[in-house]
Amino acid sequence: MAKDSKGKAAEEVPEQYGDVVQRLEDVVARLEGGTLTLEESLKSFEEGIKLVRRGEQLLNAAEKRIEELLNEDGRDAVVPLQAGVKPPALISTPASAPSRGSSGAAKSAPPPEDDVPF
């Protein structure tokens with residue numbers, strides 16, 4: 001079994017997320033160091049891919065557990081985020097409500113949807 005620079009077995013994937021991230025940072029540092037042979041680079045890259053996949057598994061398991069906890073009382077709903085989709089407005093003002101400081105004057109037009117302040 002191959003050993004990494006710290007004497008750990010390279011094939012062993014850590015069980016804790018923090019350990020996965022630390023090992024992945026070590027792999028990236030080795031690859032960026034520019035001193036590895038082609039074969040060593042490929043082995044390090046392979047190790048990095050395994051670590052990324054393990055990290056994703058751990059994050060997915062944590063996300064699933066959080067969803068289960070939020071749904072235990074039957075009222076909360078978890079909506080997954082989608083890339084490129086804007087979340088709905090959290091606070092909406094009814095159209096009939098007067099704006100602050102207005103005394104019946106003409107209302108200003110609402111800002112365009114893409115002009116969100118955050």
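Mentor: Ground rules: residues count from 1 along each chain as its sequence is written, and side-chain values use heavy atoms, leaving out hydrogens and water. As the model is predicted, local features need pLDDT of at least 70 and side-chain atom pairs pLDDT 80 or more, while totals for chains, interfaces and linings use all residues.

Trainee: Where does R54 lie?

Mentor: Helices here are DSSP runs (H or I, at least four residues), numbered from the N terminus. R54 sits in helix 2, residues 38-71.

Trainee: Is R54 buried or exposed?

Mentor: Buried means under 20% relative accessible area, with a 1.4 Å probe and protein chains only. R54 has 17% relative accessibility, so it counts as buried.

Trainee: Which residues does R54 touch?

Mentor: Contact means heavy atoms within 4.5 Å. Leaving aside residues up to four places away in sequence, R54 touches V13, P14, E15 and V20.

Trainee: How do the axes of helix 1 and helix 2 cross?

Mentor: Axes are lines fitted to C-alpha atoms over the stretch in contact, with angles from 0 to 180 degrees between N-to-C directions. Over 145 degrees counts as roughly antiparallel. Helix 1 (residues 17-33) and helix 2 have axes that come within 9 Å and cross at roughly 155 degrees, so the pair is roughly antiparallel. Among the residues making the contact are V20 and L24 of helix 1, and L51 and R54 of helix 2.

Trainee: Which residues of helix 2 are buried?

Mentor: S44, E47, G48, L51, R54, G55 and L58. The buried residues of helix 2 pack against helix 1.

Notes
Helices (H or I, at least four residues) and strands (E, at least two) are DSSP runs, numbered from the N terminus. Buried means under 20% relative accessible area, exposed over 50%, partly exposed in between (1.4 Å probe, protein chains only). Angles under 35 degrees count as roughly parallel, over 145 as roughly antiparallel, 65 to 115 as roughly perpendicular and the rest as oblique.
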